[in-house]
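Hi everyone, thanks for coming.

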Amino acid sequence: MRRKKTPTPPPIQLQQVLDWLVEPTQDDPLLDLVPLRNHIAAIDALELPALHRLKIYELLQQRSAHIDDALIPMLLDVKLPLPVHLGTVAQGLISLRAELGEAWLKLAGEADPQELARVHRSSAQICLQGVLNLSRQFIATLLVAIPMPTGFWRNTQALYHCAHKSVDPTATLPVEISAIHVRFRAILALTAAQPEGLAPREIVFLAEYLETHAALARIDMICPESAGDWFWLDANLDQPPVALERMRPAGQNCLFFRFGELAEQATRHLDQLNDGVPPALLGLPLQAAGADYRNALERARKCWAAPRRRTFNRRAQSLPVEVCTQLSSLWSSLESGSHQEADSCACELTYSDWTILNDGPSGYAIVHVVGGITGIVAGCAVGLRTGNGAAWQICLVRWARSKSSSQLELGLEVLAPSAIPVRIQALGNRNSEPPVPALLLPPLPSLNRSEAILAMRGDYNARPFTLLQERADNLLVAECMPQRSLIETSSVEVFEFTRNQAAN
């Protein structure tokens, strides 16, 4: 009599994963972050058959989506440096998406197409899951302004090429290939838009815009004869896109792409939005009606139309400087210093020590050394001086990078070599608004710029205003008319103005 074989129990690690998956989801999805990463590592270590891993990855994928939904909204309004606890969770999500992306890539290379067909799956579907994870890793990385993790560009290209190799190019392409095209192009287009110069909400807005319009980006396998506005990616290199005009690729396995048609579409949308067309009629997110988001789209459009080129060479430096990241604190210090009595106490100014990495005619790249810093976001204004007693230069943060919670790098554009603290008050309102602090920037004839106002983001550049300036014991009052708008970001606005001499 033949004995019945006793079923071999699954490995304990696999059983733990399965038991966890049947448990109810947590009220706080972020609590799933650590178990998810542990279970992915456990499944990879077991080297299960491809179809077994497929089913488990699909279940793990569903749980990971809830983490994005919970964490991304928490990153929209944060400023650098990121709070340690939030940075830890964000880094965990970025690592989770990278691990899932690598898991799907490995599965795509090992799974037999015939076996996949028996469970109604395809290599293209597997590659799409990998690209979706890397796309979300990409967005989360941009929001916290850290360098793109190792392997991202190589794995993203590997999934793109693997998906195309798995289908017949002469047949109708499956919907998954179209979805991969859009996600891949969206990653390329957002990279070309120089997202390190955008605030988190602007990054998410552009990402949503590209979900619909990234298909307009053109990709080619053949190197164009003229560089023009083309970029390239080498599948063998783990590096971001490179403008063809800056450098030509040395390898053969390259993709070439440009965003001219995408820029033209953005131009049409901006014209319509500025004419008052509701975003919904254009198929755009509702935020597109706001000036901040239109400004972000305009900056991206310029990058898509023509890759930005450095106008001046940068000189390497190692010069210590002081930076005040709180514009309100700097204003108070300047204001107290402008009419300080002999026995009065100076306004205490909080600043931190930085080092200039390189500089040029238009600004600096600096790295934080020591001292408390808060409130940094691309588009904000800061003060910089080369030592105690030197004038505070007023600078705009053009880009920000956070390599860790303790290391922050900024790219600064010098707006003015000095500034005068003033107050401005809008005219013509029935309910008069109180005066608000602002900085009066001196004229710069060499740049064809007259005197200008730097204020926190509002609508001060849209209507006449009164300029209030304290000088010694006198209060100077001038009625002014805003003129050319120079800069508008989500944090500040800078605009020229003229004084109404007849009214003074």
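Helices here are DSSP runs of H or I with at least four residues, numbered from the N terminus. H8 is followed by glutamine 194, whose phi is positive, near 55°. A word on the source: this is a predicted model, where local features need pLDDT of at least 70, side-chain atom pairs count only at pLDDT 80 or more, and totals for chains, interfaces and linings use all residues. Residues are numbered from 1 along each chain as its sequence is written, and side-chain values use heavy atoms, leaving out hydrogens and water.

So, H8 itself. With 18 residues, H8 reaches 26 Å from first C-alpha to last, close to the 26 Å expected at 1.5 Å a residue, taking 1.5 Å times one less than the number of residues. Its buried residues (under 20% relative accessible area, 1.4 Å probe, protein chains only) include Ile177, Phe184 and Leu188.

Now the partners. Helix H6 (residues 123-143) packs on H8 at about 20°, with the axes 9 Å apart; the axes are lines fitted to C-alpha atoms over the stretch in contact, and angles run from 0 to 180 degrees between N-to-C directions. That makes H6 roughly parallel to H8, the term for angles under 35 degrees. In contact, meaning heavy atoms within 4.5 Å, are Leu128, Val131 and Phe138 among others in H6, with Ile180 and Ile187 among those in H8.

On to H9 (residues 200-213): its axis and that of H8 come within 9 Å and cross at roughly 140°. The H8 side of this contact includes Val182 and Ala186, and the H9 side includes Leu206 and Leu210. Thanks, everyone!

Notes:
Helices (H or I, at least four residues) and strands (E, at least two) are DSSP runs, numbered from the N terminus. Buried means under 20% relative accessible area, exposed over 50%, partly exposed in between (1.4 Å probe, protein chains only). Angles under 35 degrees count as roughly parallel, over 145 as roughly antiparallel, 65 to 115 as roughly perpendicular and the rest as oblique.
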